[in-house]
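Subject: Structure handover and notes on the salt bridges

Dear colleague,

Please find below the structure I promised to pass on to you.

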Amino acid sequence: MKIFKLAAIDIGSNAIRLLIHNIIETKGKKTEFRKSSLVRVPIRLGEDSFTVGEISDRNIERMIDAMKAFKLLMNVNGVDGYMACATSAIREANNGYEVVEKIRNEAGINIQVIDGKKEAAIIASTDLKELINNDQAYLYIDVGGGSTEFTVFSEGKLIASKSFKIGTVRLLNDMVGVKVWTQLEEWIKLYTKDLVKVSIIGSGGNINKLHKMSGRKIGEPLSYIWLNAQYHFLESMSYEDRVSELGLNQDRADVIIPATRVFLSAAKWSGAKKIHVPKIGLSDGMIKTLYQKNKESI
């Protein structure tokens with residue numbers, strides 16, 4: 001048996017995460033990936049990037065502090081390797097690449113700035129294919145703060161994949177026009193019109209939280225009817241009540257509503273009645289990608 005640790009740093013538009021996995025290799029058995037630790041820091045970079053066009057000095061300092069802390073945590077945990085990726089907030093900021101360089105110099109963390117296509121490919125390297133039945137059709141949706149990745153699967157094969165600039169932080173700041181929504185609607189209808197019984201597979205912090213709030217067991221899907229009712233329930237409450245009465249984190253209590261809207265819209269346009277929530281995402285995909293790339297040398 002061989003055990004080692006890999007880490008993923010996901011620099012998103014709504015939050016920054018450090019995920020550490022134990023990877024267990026046993027002769028004659030499938031390699032096992034076990035989550036060891038997850039740290040989430042609510043630095044909303046998208047609010048800077050999408051509204052002002054650059055990351056503020058205050059958030060640059062917060063990012064550097066977070067990266068220094070992540071590096072210490074990786075050292076303490078004995079991490080054998082890591083992968084750090086930044087998505088749309090850093091990609092679209094005028095000073096994004098300067099921030100990446102500053103973090104490399106001051107915190108010693110090397111960050112890859114990835115586009116939507118690369119993000120979708122990394123997510124697809126997770127256990128997603130194992131969740132898909134060959135006789136069914138699926139619309140996979142990963143809702144982020146800056147963008148949302150959509151992938152259509154049918155008969156076990158990837159049919160189409162596209163990233164849209166419809167993210168929760170953009171939606172909160174009224175930065176998604178009718179044109180983008182129309183493009184998304186047309187894309188979903190185009191690739192799902194000939195498919196029978198489409199189900200949604202959802203990932204991202206918001207849909208995971210919604211599944212937890214539903215009280216359903218792990219593996220049990222959400223229904224469109226429940227999600228629609230929950231959307232109206234959440235929308236009827238004030239931000240303060242969502243924090244105090246529902247116990248939502250401050251940086252979750254606002255974005256959860258636009259995230260739910262994205263899932264409901266996609267379900268309506270694809271005809272999906274169920275939303276599966278397998279708890280996978282970019283961080284998990286980064287761990288798998290890193291493992292596949294370096295398994296011979298680890």
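Predicted model: local features only at pLDDT ≥ 70, side-chain atom pairs only at ≥ 80, totals over all residues.

Residues are numbered from 1 along each chain as its sequence is written, and side-chain values use heavy atoms, with hydrogens and water left out.

The two domains

The domain assignment divides the chain into domain 1, made of 2-117 + 282-297, and domain 2, covering 129-276; such bounds come from an automatic or database domain assignment. The centres of the two domains, taken over C-alpha atoms, are 24 Å apart. Where they meet, 14 residues of domain 1 are in contact with 17 residues of domain 2, contact meaning heavy atoms within 4.5 Å. Between them the domains bury about 1200 Å², with 44% of that on carbon and sulfur atoms; buried area here is the accessible area (1.4 Å probe) that two parts lose on being put together, summed over both.

Four salt bridges are counted between domain 1 and domain 2, where a salt bridge is a side-chain nitrogen of Lys or Arg within 4 Å of a carboxyl oxygen of Asp or Glu. On the side of domain 1 that touches domain 2, helix H1 (45-51) and helix H3 (88-92) each supply at least two residues, helices being DSSP runs of H or I with at least four residues, and strands runs of E with at least two, numbered from the N terminus. The largest share of that side, four residues, comes from H1.

Individual salt bridges

The whole structure holds nine salt bridges, among them one in which the side chains of Arg-40 and Asp-251 meet at 2.8 Å, N to O. Another joins Arg-170 and Glu-92 at 2.5 Å, N to O. This pair links distant parts of the chain, with Arg-170 in helix H7 (residues 168-172) and Glu-92 in helix H3, 78 residues apart. Arg-170 is buried, with a relative accessible area of 6%, whereas Glu-92 counts as partly exposed at 25%; buried means under 20% relative accessible area, exposed over 50%, and partly exposed in between (1.4 Å probe, protein chains only).

Within helix H4 (residues 96-107), Glu-101 and Arg-104 lie three residues apart, about one turn of the helix, and they form a salt bridge whose closest N and O atoms are 2.5 Å apart. Glu-101 is partly exposed at 35% relative accessibility, and Arg-104 is partly exposed at 39%. Elsewhere, salt bridges that share partners join Glu-92, Lys-165 and Arg-170 into one network.

The side chains of Arg-34 and Glu-32 also meet in a salt bridge, at 2.7 Å from N to O. Here Arg-34 counts as partly exposed at 44% relative accessibility, and Glu-32 is partly exposed with a relative accessible area of 35%.

Finally, Asp-80 lies in the loop between helix H2 (57-77) and strand S4 (81-86), and counts as partly exposed at 48% relative accessibility. Asp-80 and Lys-5 are 75 residues apart in sequence, yet 5.5 Å apart in space, C-alpha to C-alpha.

With best regards
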